[in-house]
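Trainee: Could you walk me through reading a structure like this one? I'd like the general idea of each feature before the case at hand.

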Amino acid sequence: MGHSQLEKQKTHDRILEIASKRLREKGLEGIGVADLMKEAGLTVGGFYKHFASRDEMVAEAMKLAFGSWEAKVRSEGRAPADIPIAEYSANYLSEVHRDDVSGGCPFAALTADLARSGEKCRSLATEQLKTNLGNMTDRMSAADEAEARRKAIIVSCLMTGALGLARIADDEKLSDEILETARSFVNDFSAK
């Protein structure tokens, strides 16, 4: 890759990193191309050197967001599948994650937006959801695969919903109670 191609790739990656965070923070329709490019220190015209459309950029940014947790875990020298459910739920249902919307789980931040998004973005979200449920199934203690899958779906829905509700609450005590109750349930439920 030549120097100019390398620079173009770095710029492309920087735009996606910013978009990934802002979309989780503000919603899929919450930031326009002009504001995104301004934050990246670029002109609006430069956007189309990197993306054919805003929808293409949103899909690429969401793909980055979906893979951000696994990338972080791998950068720490760990395999995501090796994270036990108690540790996973403690991190996912934490005050730190609740307060980091722009760096956190895109499903918890964007459930309704993803349901209304375009075909490409929904397809990416569906594939990630399948991956997440498969990984969660592997963490469940159960008599058979069907029971593990059922428990994985329940736990995944509970955790995503609990994080979202904890973010909605403007009463910190209630928010903390939601997180703690969900953590406790996940640990009890997944161990049975």
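This is a predicted model: local features need pLDDT of at least 70, side-chain atom pairs count only at pLDDT 80 or more; totals for chains, interfaces and linings use all residues.

Trainee: How many helices and strands are in the protein chain?

Mentor: Ten helices and zero strands. Going along the sequence, the pattern reads α-α-α-α-α-α-α-α-α-α. The C-alpha trace spans about 55 × 40 × 30 Å along its principal axes.

Trainee: What does a salt bridge look like in numbers?

Mentor: It's a side-chain nitrogen of Lys or Arg within 4 Å of a carboxyl oxygen of Asp or Glu. A search of the whole structure turns up eleven of them. Take Glu-25 and Arg-22: their closest N and O atoms are 3.0 Å apart. Both sit in helix α1 (residues 3-26), three residues apart, about one turn of the helix.

Trainee: Why do residues three or four places apart in an α-helix point the same way?

Mentor: An α-helix has 3.6 residues a turn, so residues at that spacing end up pointing the same way. You can see the three-residue spacing again in helix α8 (residues 119-139), which holds both Lys-130 and Glu-127. That pair forms a salt bridge with closest N and O atoms 3.5 Å apart.

Trainee: Which helices hold Asp-176 and Arg-98?

Mentor: First the bridge itself: Asp-176 pairs with Arg-98, the closest N and O atoms being 2.7 Å apart. Asp-176 lies in helix α10 (residues 172-191) and Arg-98 in helix α6 (residues 95-99), so the pair ties together parts that are 78 residues apart in sequence.

Trainee: Is Arg-98 buried or exposed?

Mentor: Here's the rule: buried means under 20% relative accessible area, exposed over 50%, and partly exposed in between (1.4 Å probe, protein chains only). Arg-98 has 9%, so it is buried, whereas Asp-176, at 24%, counts as partly exposed. For the whole chain, 39% of the 192 residues count as buried.

Trainee: Which residues of α8 are buried, then?

Mentor: They are Cys-121, Ala-125, Gln-128, Leu-133, Met-136, Thr-137 and Arg-139. Their cover includes α4 (54-75), α5 (85-92), α7 (106-116) and α9 (145-168).

Trainee: And how do I read two helices packing together?

Mentor: Under 35 degrees counts as roughly parallel, over 145 as roughly antiparallel, 65 to 115 as roughly perpendicular, and the rest as oblique. For α9 and α10 the angle is about 170° and the axes are 9 Å apart. That makes α9 roughly antiparallel to α10. Among the residues making this contact are Lys-151 and Ala-166 of α9, plus Ser-175 and Ser-190 of α10. Contact, by the way, means heavy atoms within 4.5 Å.

Trainee: What does Ser-175 touch?

Mentor: Leaving aside neighbours within four places in sequence, Ser-175 is in contact with Arg-98, Ala-166 and Ala-169. Its side chain reaches the backbone oxygen of Ala-166 at 2.7 Å. At 1% relative accessibility, Ser-175 counts as buried.

Trainee: And where does the side chain of Ser-190 reach?

Mentor: To the backbone oxygen of Val-186, at 2.7 Å. Ser-190 is buried too, with a relative accessible area of 3%. Not counting residues up to four places away in sequence, Ser-190 touches Ile-85, Met-140, Ser-141 and Lys-151.

Note on methods. Residues are numbered from 1 along each chain as its sequence is written. Side-chain values use heavy atoms; hydrogens and water are left out. Helices (H or I, at least four residues) and strands (E, at least two) are DSSP runs, numbered from the N terminus. A polar contact is a pair of N or O atoms within 3.5 Å; within protein, one must be able to donate a hydrogen and the other to accept it, and residues adjacent in sequence count only if both atoms are side-chain atoms. Axes are lines fitted to C-alpha atoms, for helices over the stretch in contact, and angles run from 0 to 180 degrees between N-to-C directions.
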